[in-house]
Every structure is written in structure tokens, then in C-alpha cells.
Amino acid sequence: MLAEASKPELLNVAFDMDYSWPLHGTLNDVLLRGAPATAFKASWDDSRKQFPQGSLHLRFSDNHDEARAVARFSAKGALAASALMFTLDGVPLLYNGMEVGDATESGDPALFEKVPVFWRPKDRPPLRQIYQSLIRLRKAYPAFCNDRVVWLRNSDENNLVTLMRLDSKDEFVTVINFSNRPITGWVEVMHDREFKPVRIAGMPEPPTDGFPLFRLGGFDWRIYHRTVK
């Protein structure tokens with residue numbers, strides 16, 4: 001299920017899986033093979049070159065071609081991957097059962113079989129609340145629906161992804177720890193003291209001060225917001 005509808009008359013649609021796959025594959029490189037988090041920007045840059053400016057890319061972290069994200073990355077790692085896909089440009093995809101952390105595989109030979117979603121898997125965070133909150137955020141702010149992405153410098157670019165989504169009214173900074181250990185760091189952004197954390201249902205209450213400094217546990221992530229004056 002796609003998280004939101006877009007305006008096809010305004011944007012070129014780039015849903016070709018061959019071009020969406022590299023960024024998805026980078027998740028495996030970073031989370032499983034030790035590639036630096038800077039690989040995400042490199043992959044993003046490369047895919048953007050394949051299409052005209054303003055193309056709308058499909059963003060996904062889970063599909064039927066391999067083991068489910070919660071099995072590959074752990075529940076927290078899979079959620080960190082989703083946080084990236086939901087805050088990048090493009091349209092995020094919720095694949096069969098992602099909203100509850102279902103690990104049931106549906107690839108060959110089960111691809112064309114009926115595979116019920118296991119709605120109550122054990123030891124999962126409240127994923128449905130978290131995804132609903134992210135979807136509401138995207139619907140409420142047009143900054144998430146344009147193609148403007150600014151990758152921000154941070155204190156540990158091997159493990160941290162920091163990016164901004166913005167328009168003339170709002171700026172959002174996403175901070176994601178793609179390592180399994182705690183990190184204390186900073187992000188370089190203008191007007192840093194004006195940013196406040198966004199409350200995401202189902203996630204721990206974030207500190208209300210300290211930005212652009214932050215402390216994140218393994219695979220933790222946060223979103224910060226500033227209203228442009």
C-alpha cells in the first residue's frame with residue numbers, strides 16, 4: 001500500500017524498480033556489510049541522475065525478493081530504514097505486514113499464494129502507531145512532498161545520516177543512527193536553536209533541548225522541525 005497519493009500532473013513518476021533498487025540495496029550494504037552511511041547519499045545521487053528533475057521515486061525498505069527487513073536488520077534496524085524512506089523525497093511503500101513487523105516471507109514459490117499477515121508478532125515496537133504518525137506528518141507538511149533534499153554534515157558520517165526537507169514555510173531535519181551502538185554527536189545546520197523535536201506516536205519522548213547536539217541509541221532516529229519566519 002502506498003502511504004499517500006501524489007499529483008501526477010506535476011511530477012514525473014519514476015517507479016521503475018531497477019532504479020529504486022540501488023537505494024534499497026544500500027540498506028544491506030550499510031546495515032549488514034559495514035559500508036559507511038555516506039553510501040546512502042552516493043546511491044541517492046546516482047539514482048537522481050537517471051531521471052529528469054522532479055521525478056517521483058518509489059522508496060522501499062522491504063519487498064518479496066529477499067528476507068524481510070525485520071529479519072535482516074532487527075526490528076529497530078528495520079524501523080531506522082523506514083525512517084529514511086519516509087523522510088526522503090518520493091513516495092514510501094508499506095509492504096505486506098510491515099506495519100506490524102510481520103516477518104513472513106512471500107517470495108517464490110509463495111509470491112502468488114495467499115499469505116496472511118501475522119498481526120501480532122512477538123517483541124515488536126508499536127510500529128502501526130509509528131507509521132501512522134509518519135504518514136500524518138507527510139500529509140500535513142508539503143515540505144515532504146517536493147524533491148528538495150539537503151544532506152547535512154554531522155560528527156560521524158560513517159554511522160549517521162542527517163538530512164533536511166524544506167519549503168518556504170517549514171524545515172525538517174532527520175537524524176538516524178545506522179549503527180547498533182549509542183552515538184553522541186552533532187549536525188551542522190543553520191538556525192539550529194530554532195529546531196524542536198517532532199513527537200512521533202509510539203516512540204520515546206525526545207529531549208526538548210540540546211539540538212544540534214544529540215544522543216541516539218543503536219538504530220535510533222529523530223525528526224526536528226523549524227517554522228521558517
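Predicted model: local features only at pLDDT ≥ 70, side-chain atom pairs only at ≥ 80, totals over all residues.
Residues are numbered from 1 along each chain as its sequence is written, and side-chain values use heavy atoms, with hydrogens and water left out.

The protein has five helices and ten strands, where helices (H or I, at least four residues) and strands (E, at least two) are DSSP runs numbered from the N terminus. Of its 229 residues, 51% are buried, the term buried denoting a relative accessible area under 20%, exposed one over 50%, and partly exposed the range in between (1.4 Å probe, protein chains only). The accessible surface amounts to about 11,500 Å², with 53% belonging to carbon and sulfur atoms; such areas come from the Shrake-Rupley method with a 1.4 Å probe, and for residues only the protein chains shown count as cover. Among contacts (heavy atoms within 4.5 Å) between residues at least 6 apart in sequence, 69% join residues at least 24 apart.

In soluble globular proteins, nonpolar side chains tend to be buried together. A nonpolar core is taken here as a set of buried Ala, Val, Leu, Ile, Met, Phe, Trp, Tyr and Cys residues joined through side-chain atoms within 4.5 Å. The largest such core has 43 residues, and those with the most contacts inside it are Phe 40, Val 161, Phe 178 and Trp 221; helix α4 gives the most to this core, with eight residues. A second, separate core of 14 residues includes Met 164, Leu 166, Ile 183 and Phe 211. When residues up to four places away in sequence are not counted, the partners that Phe 178 touches include Leu 27, Phe 40, Ala 80, Leu 84, Val 161 and Phe 219.

Grid points are joined across faces, edges and corners, and a volume is the space filled by probe spheres set on the points. The structure holds three cavities of 30 Å³ or more, and the largest cavity contains about 90 Å³ of space. Its lining comprises 13 residues, of which Val 70, Ala 78, Ser 82, Met 98 and Tyr 131 are the closest to its centre. Two or more lining residues are given by each of α3 (69–73), α4 (75–87) and α5 (127–140), and the largest share, four residues, comes from α4. By class, this lining has eight nonpolar, two polar and three charged residues, with Ala, Val, Leu, Ile, Met, Phe, Trp, Tyr, Cys and Pro counted as nonpolar, Asp, Glu, Lys and Arg as charged, and the others, Gly among them, as polar.

The largest pocket has a volume of about 330 Å³, and of the 20 residues that line it, Gly 202, Met 203, Pro 204, Asp 220 and Trp 221 are the closest to its centre. Helix α4 and strand β10 (221–227) each supply at least two lining residues, and the largest share, three residues, comes from β10. The pocket lining has 15 nonpolar, one polar and four charged residues.

Glu 171, in strand β6 (residues 170–177), is buried, with a relative accessible area of 11%; beyond four places in sequence, the residues that Glu 171 touches include Met 164, Arg 165, Phe 195 and Tyr 224.

Most residues other than glycine have a negative phi, and most peptide bonds are trans. The peptide bond from Phe 211 to Pro 212 is cis, with omega near 20°.

Terms used: 1 Å grid on protein atoms, 1.4 Å probe; cavity = no way out; pocket = protein on both sides within 12 Å on 5 of 7 lines; lining within 4 Å.
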